[in-house]
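This report describes a two-chain model from its computed geometry.

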Amino acid sequence: MSARIRVHMALALTMSAAAAGAQEEHQHHEHAQHQAHHASHGDQRTESERAHVPPPPPKYVMRDMSEEEMAEMMGMDDTAPFGMVLFDQFEWRDADAGDTLGWDGRLWYGNDYDKALLKTEGERTDSEYEGSAELLWDHVISRWWSVQAGVAHDFGEGPSRTWAAFGVQGLAPYWFEVEALMYAGEEGRTAANFSAEYEMFLTQRLVLQPKVELSAYGKDDAANGVGSGFSDAELALRLRYEIRREFAPYIGVLWSRKFGETADLARAEGNDADDVQFVAGLRVWF
Amino acid sequence: MSSMPSSRARLPQLSRRSFLQAAGAGLFVLGAPRGAGWAQSHAQTVLTGSHFDLQIGEAPFNFTGNKRVGTVVNGQIPGPLLRWREGDTVTLRVANRLAARSSIHWHGMILPADMDGVPGLSFEGIPSLGEYLYRFKVNQAGTYWYHAHSRFQEQTGLYGPIVIERRGGERFPTERDYVVMLSDWTDIDPERIFAVLKKHSDYYNFRRRTVGEFFADVRKNGWSETVADRRMWGEMRMNPTDMLDVSGYAYTYLMNGVTPTGNWTGLFSRGEKVRLRFINGSSMTFFDVRIPGLKLTVVATDGQDVEPVSVDEFRIGAAETYDVIVEPKDDRAYTIFAQAMDRSGYARGTLSPSPGLEAEIPPLDPRPLLTMGDMGMSHGAHAAGSMKPMDHSQMDHGQMNHGQRNHGQRSHGQRSSGETDPHAAHGSSAQRGAVDHAAMGHGASALHHPSTERTPLQDMQAEQPNIGLNDPGVGLRNNGRRVLTYADLHTIGGPIDRREPAREIELHLTGHMERFVWSFNGQKFSEAKPLKFRLGERLRITLVNDSMMTHPIHLHGMWSEIEDASGHFQVRKHTVNVNPAQKLSYAVTADAPGRWAYHCHLLYHMEAGMFREVHVESGDEGGAGGPGAGHGAHS
């Protein structure tokens with residue numbers, strides 16, 4: 001009831017406002033057209049139609065500029081590259097051979113579609129290093145998957161091997177982070193590596209991370225203790241506490257087993273085909 | 001609401017260019033009365049008149065116990081309240097004392113494109129140590145705000161309120177009038193936040209579902225239902241707790257630049273009407289606002305007066321504004337409680353009959369979970385467990401007629417989407433469950449995803465979008481309080497243009513949570529061509545949210561006139577919240593020539609690509625503008 005009275009009074013007020021505004025705006029002919037269109041509705045115009053004043057065109061029109069210059073000016077570049085260094089594992093292992101330092105790290109740099117990726121993993125026992133380094137190009141191909149291609153280099157006690165690497169990396173259903181790579185090396189050598197890991201949140205900061213890793217080779221490489229076929233499996237369970245998301249000490253257990261000829265080679269050297277190690281380390285990224 | 005203008009808000013009538021520290025502090029911010037040594041070091045000021053000198057600079061702040069440098073206007077966070085008068089031409093000389101390029105955008109103002117303040121589109125920005133003269137006629141009234149449109153300067157403090165006095169006085173006069181500006185302060189360098197989100201998008205989420213919760217759910221809902229629920233989310237590789245990308249872990253939520261401990265306080269005398277002009281000046285936060293013990297009468301949104309509607313609570317998206325009137329009947333303090341949508345923190349202040357009083361601070365609501373309905377999926381057997389039974393307590397029968405309110409005024413152009421019954425989707429549906437049913441019946445078959453959505457940088461598509469405006473959104477459904485929805489908002493005075501939109505542009509809100517990429521139609525800003533509007537045309541923009549996040553979408557330069565599910569004018573806004581998997585339409589009159597920004601107002605989403613240029617030009621190329629021209633177009 002009183003609302004209706006208020007609206008009427010408001011109408012009267014805004015009408016006068018609109019009239020004043022209209023005078024100034026009519027100088028621009030586009031708007032004159034627009035106003036004329038509205039005017040054709042005569043008295044039926046809504047309160048809002050009467051009150052609304054379209055803006056005049058800009059006096060200053062932006063010059064043409066390149067996309068790069070525009071992105072710079074806007075402070076908005078959705079193609080910008082980012083980079084990350086992650087040491088998923090940097091740990092002490094109580095191996096049979098004595099205290100061992102193990103690592104598994106990666107560094108990437110790139111944009112949403114393409115990244116350069118440097119991966120390295122390995123361990124050091126008694127100042128002997130054994131491990132691998134891979135330099136890969138990572139290109140996203142679907143919602144959850146990217147392809148990777150590049151070179152890999154294995155180093156250690158035996159002769160080092162260099163490979164061409166190709167594979168996929170991604171997030172499988174149920175949040176499994178999966179990597180599967182194939183390798184082709186000199187003298188017709190081939191190899192394959194598969195890993196999957198998962199994160200279980202015991203609390204918001206206490207995270208249990210199971211990880212499984214499988215390797216296979218196409219050809220014997222006795223000098224490196226490798227026989228053809230399915231060669232070894234590793235199952236790890238690491239429990240970390242994220243003091244900060246990027247800084248998490250952990251403890252864990254690592255079970256590994258060699259198979260087939262690879263196991264025979266290990267036994268011939270006087271080592272076990274099975275091994276269980278306790279680990280303690282630090283997961284860091286930045 | 002009783003009598004007319006003369007009893008208008010008890011505001012100091014300030015002279016031109018006055019720079020009123022003391023009175024201003026009373027109006028905008030009362031400061032931090034007690035125990036808040038670090039809360040607030042500056043008194044907030046009010047600037048009135050038609051000429052304004054603003055200086056963008058840096059100043060030290062200490063909101064959290066750590067000293068940080070903020071980006072300020074005239075030394076303050078928020079910047080000074082600018083009070084304009086409808087009909088005035090305002091001149092604003094903005095000097096930039098930063099080492100970097102800067103800018104100020106007048107959010108929600110209808111003004112010439114070169115005054116809009118978006119570097120790269122409107123102008124070249126304000127160079128370091130340079131200045132820019134903004135000058136435009138103010139042809140609107142209400143509550144608005146200003147903020148930087150340069151990189152992350154808004155996040156670091158460059159924002160402030162604008163209040164435009166309505167010519168002839170407020171439609172809903174009150175005895176008191178306060179701005180309540182909400183924002184999210186962080187001690188962390190926003191460049192780092194952005195980089196962290198790109199590397200580890202879950203970084204700030206400390207409310208994930210745990211193993212313990214799995215077993216609790218098994219006890220409550222049974223093994224098979226719990227496993228089915230986890231399987232569903234696992235298959236999608238989505239997280240139902242992903243509500244806000246940046247949480248209270250990084251943010252300290254401010255009310256008028258004051259921390260919750262600082263307790264911003266607005267004074268009232270019992271029986272007075274108090275107008276609270278809520279502005280969400282945050283970069284990444286949706287707030288759910290309520291004042292326990294008081295009904296909130298919403299009288300305006302985004303500066304536009306609406307038919308008063310009384311609610312207990314409302315959600316305010318980044319860049320939205322809501323004017324509410326409260327009438328405290330008791331001589332006691334009331335807490336203004338604004339909890340972040342993910343319940344990771346809150347902004348808080350007090351309405352009090354005298355300084356220094358406090359009321360109880362309510363506990364944060366339980367952490368909300370997204371449902372299958374929020375993912376645009378049918379709530380089949382799997383999702384049943386996560387859908388709470390519908391509670392009709394929030395159903396507002398009084399609204400039922402509103403769907404028909406404009407019938408007499410406009411043609412009944414039916415939309416192509418097949419929603420033919422003007423009453424079905426609006427009046428008869430309650431909050432949520434019914435929305436889904438409506439979507440199942442209609443929306444699904446008509447939905448078309450643009451081919452550009454076949455990108456690896458998009459992680460989901462809504463199969464069955466939710467239509468209708470009456471869903472209060474995740475975390476607010478069936479909470480026992482009367483929660484505002486867009487279906488409750490009816491702009492007084494009708495649309496600014498009664499023409500039926502002659503064409504439709506459908507845009508999908510898209511992104512990838514894990515990779516932290518955001519886009520329209522699967523295309524980032526850098527990958528998309530500008531949207532073309534023909535000068536003078538009335539068009540319809542239909543947004544389909546193909547993501548699980550809520551996005552506040554802001555079109556510069558022109559109003560977004562939201563339509564109800566049957567195509568009738570509902571409410572005029574400058575920033576439109578679109579819920580996960582929601583389909584929503586608004587009409588736009590392209591009467592503002594020039595180049596304009598169109599984007600998600602979550603700052604890091606915008607920076608990640610959720611931005612388009614809109615080009616309004618006379619329709620010389622192929623087809624005249626104006627009524628009748630053009631066809632539905634997917635763009």
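## Definitions and conventions

A residue is termed buried if 20 or more other C-beta atoms lie within 10 Å of its own, exposed if 12 or fewer do, and partly exposed in between, with the C-beta atoms placed from the backbone. Helices (H or I, at least four residues) and strands (E, at least two) are DSSP runs numbered from the N terminus.

The model is predicted: local features need pLDDT of at least 70, side-chain atom pairs count only at pLDDT 80 or more, and totals for chains, interfaces and linings use all residues. Residues are numbered from 1 along each chain as its sequence is written, while chains are lettered from A and ligands numbered from 1 in the order in which they are written.

## Confidence in chain A

The predictor's confidence in each residue is given as pLDDT, on a scale from 0 to 100. Chain A averages a pLDDT of 87, and 85% of the residues score at least 70. Over residues 1-41 of chain A, however, pLDDT stays under 50. For that segment the model has 43 contacts beyond four places in sequence, where a contact requires the C-beta atoms of two residues, placed from the backbone, to lie within 7 Å.

## Architecture of chain B

Chain B contains six helices and 33 strands. Of its 635 residues, 62% are buried. Among contacts in chain B between residues at least 6 apart in sequence, 78% join residues at least 24 apart.

The domain assignment, which is automatic or taken from a database, divides chain B into domain 1 (5-173) and domain 2 (421-634). Their contact takes 10 residues from domain 1 of chain B and 11 residues from domain 2 of chain B. On the domain 1 side, five residues are nonpolar, three polar and two charged. In this classification Ala, Val, Leu, Ile, Met, Phe, Trp, Tyr, Cys and Pro count as nonpolar, Asp, Glu, Lys and Arg as charged, and the others, Gly among them, as polar.

## Nonpolar cores

A nonpolar core is a set of buried Ala, Val, Leu, Ile, Met, Phe, Trp, Tyr and Cys residues joined through C-beta atoms within 7 Å. The largest has 166 residues, and those with the most contacts inside it are B:L182, B:V298 and B:A338. The element that gives the most to this core is β11(B), with six residues. Because domain 1 (5-173) and domain 2 (421-634) of chain B both give residues to this core, it lies between them.

Leaving aside neighbours within four places in sequence, the contacts of B:V298 are B:V306, B:P308, B:V309, B:V311, B:F314, B:Y322, B:V324 and B:L484.

## Contact between the chains

The contact between the chains takes 54 residues from chain A and 65 residues from chain B. On the chain A side, the elements that give two or more residues are α1 (2-25), α2 (29-39), α3 (47-51), α4 (67-74), β1 (82-95) and β9 (200-201). Of these, α1(A) gives the most, with 10 residues. By class, the chain A side has 31 nonpolar, 12 polar and 11 charged residues.

Helix α2 (residues 190-199) of chain B has B:P190, B:I193, B:F194, B:V196, B:L197 and B:K198 as its buried residues. Their cover includes β1 of chain A together with β11 (176-186) and α6 (603-607) of chain B.

Helix α4 of chain B comprises 14 residues (residues 223-236) and should span 20 Å at 1.5 Å a residue, which agrees with its end C-alpha atoms being 20 Å apart; the expected span is 1.5 Å times one less than the number of residues. Just after α4(B), B:R237 takes a positive phi of about 55 degrees.

B:G234 is located in helix α4 of chain B and is partly exposed, with 16 other C-beta atoms within 10 Å. Beyond its neighbours within four places in sequence, B:G234 is in contact with A:P173, A:Y174 and A:W175. A:W175 lies in the loop between β6 (161-172) and β7 (176-185) of chain A, and has a positive phi of about 70 degrees although it is not a glycine.

## Backbone features in loops of chain B

B:R343, in the loop between β20 (334-340) and β21 (346-352) of chain B, is not a glycine but has a positive phi of about 60 degrees. B:R343 counts as buried because it has 20 C-beta neighbours inside 10 Å.

The peptide bond from B:I77 to B:P78 is cis, with omega near -10 degrees; B:P78 lies in the loop between β4 (68-73) and β5 (81-85) of chain B.
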